[in-house]
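Please walk through this protein chain one region at a time, keeping the sequence beside the three-dimensional view. The paragraphs below move from loops to strands, and then to a helix and a pocket.

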Amino acid sequence: MSDDLDHRTHAYRPDLADIRLRDRVAADRYSEGMPAEVIVPVADVRPKPDAQCSLDTQALHGEAVSVFDISDGWAWVQLSADGYVGYVREETIGQGAGPATHVVSVPRSFVYPGADLRFPHLKVLSMGSRVRVTGEAETRATPYALLEDGSAVIAAHLRPLGEVSAEDAVSVAARFLDTPYLWGGRSGFGIDCSGLVQLALAMTGKSAPRDSDQQAAGLGRAIDPGSDGLQRGDLVFWKGHVGFLEDPDTLLHASGGTMYVTREPLQAAIDRIAKLYGLPTIYRRP
């Protein structure tokens, strides 16, 4: 009965399952999940409660999760933004002081103990991280947003939740050029191909699944480059890989070949990757 359910986006184990799956999977018990949020800059999400497992994805500061189980220092969670299911360290999640009000809108930004950039920073947040702003201050003509614990972020590095970027997704993605490639990464500290696509689209107000196969199944329609042509923003898919077209001749992607976010001639990428995965499929988003 559960064979058709993707473990990546459905929370079920033999002993426990999401209550919404009661009629679809058999489990010893069911749970609604408890609400929590990420309280560290980046929480690694793994397929098993094992620090030696490779990453599936990451959750960013302030993102909401549902917690189904906590055991031996690991929490089994589902991310609210894209439905991804996996295990995070228990200490990376907690209860927030209130709903987030703003999102980090630059690739990386420092959090200071107060409104002064000369203070030693407390942590670094990635684009897409969520924070609760409770006040404002200005020091030496630099405006700061004050958070609920009194810490401060450069105000220009934030924007209100719900306000989308004036840039298109390709321009957002280009801001990550030279960011290191990280399998399972989706932050300004390290990012993979589908993480780059997902985050760039999210900052422009468009939701996207997490993995490249999910994106190929859910983002737009396949086109014939010969008759439809190629244009900026088209998505180029190979098996296990995706990138944006920056223009008809240029691919922008997080590359496992260069190990950073890079742009390269589309034809050069096709020639190189075709040796492993064949020719790509081009998708156009609505």
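Gly257 is found in the loop between E23 and E24, in a model that is predicted. With a relative accessibility of 60%, Gly257 counts as exposed, because that term applies to values over 50%. If you look from Gly257 to Leu230, which lies 27 residues away along the chain, you will find that their C-alpha atoms are separated by 24 Å. The loop that holds Gly257 also holds Met259, and it runs between strand E23 (250-255) and strand E24 (260-265). Met259 is not a glycine, and yet its phi is positive, at about 70°. At 43% relative accessibility Met259 counts as partly exposed, because this value falls between the limits of 20% and 50%.

Ala141, in the loop between E14 and E15, has a phi near 70°, which is a positive value in a residue other than glycine. Its relative accessibility is 63%, so Ala141 counts as exposed.

Strand E3 (residues 34-38) pairs with strand E6 (residues 64-71) over 4 bridges, in the antiparallel sense, and here Pro35 stands opposite Ser66 in E6. E6 also pairs with strand E7 (residues 74-79), again in the antiparallel sense, this time over 6 bridges. In that pairing, Val65 stands opposite Leu79 in E7. The hairpin of E6 and E7 has 2 residues between the strands, and in this hairpin Asp72 takes a positive phi near 55°.

In E4 the covered face consists of Ala43 and Val45, whereas the uncovered one consists of Val42 and Asp44. E4 pairs with strand E5 (residues 57-60) in the antiparallel sense, over 4 bridges, and Asp44 has Gln58 in E5 as its bridge partner.

Two cysteines can be considered next. Cys53 is buried, because its relative accessible area of 15% is under the 20% limit. Cys193 has a relative accessibility of 5%, so it counts as buried too. The count of disulfides in the model comes to 0.

Cys193 also belongs to a helix. How many residues of helix H2 (residues 193-203) are buried? The helix is mostly covered, with 10 of its 11 residues buried, and among them are Cys193, Leu196, Val197, Gln198 and Met203. After H2 comes Gly205, whose phi is positive, near 85°.

The last stop is the largest pocket, in which about 560 Å³ of space lies. It is lined by 27 residues, of which Glu63, Ala81, Gly128, Arg130 and Ala202 lie nearest its centre. Strand E17 (158-160) and H2 are the elements that give two or more residues to this lining, and H2 provides the largest share of it, namely 4 residues. When the lining of the largest pocket is sorted by class, there are 12 nonpolar, 7 polar and 8 charged residues.

Notes: Residues numbered from 1 in each chain as written. Predicted model: local features only at pLDDT ≥ 70, side-chain atom pairs only at ≥ 80, totals over all residues. Heavy atoms only, no water. Buried < 20%, exposed > 50% of the residue type's maximum accessible area, 1.4 Å probe, protein only. 1 Å grid on protein atoms, 1.4 Å probe; cavity = no way out; pocket = protein on both sides within 12 Å on 5 of 7 lines; lining within 4 Å. Points joined across faces, edges and corners; volume = space filled by probe spheres on them. Nonpolar A, V, L, I, M, F, W, Y, C, P; charged D, E, K, R; others polar. Pairing = 2+ DSSP bridges. Disulfide = S-S within 2.5 Å.
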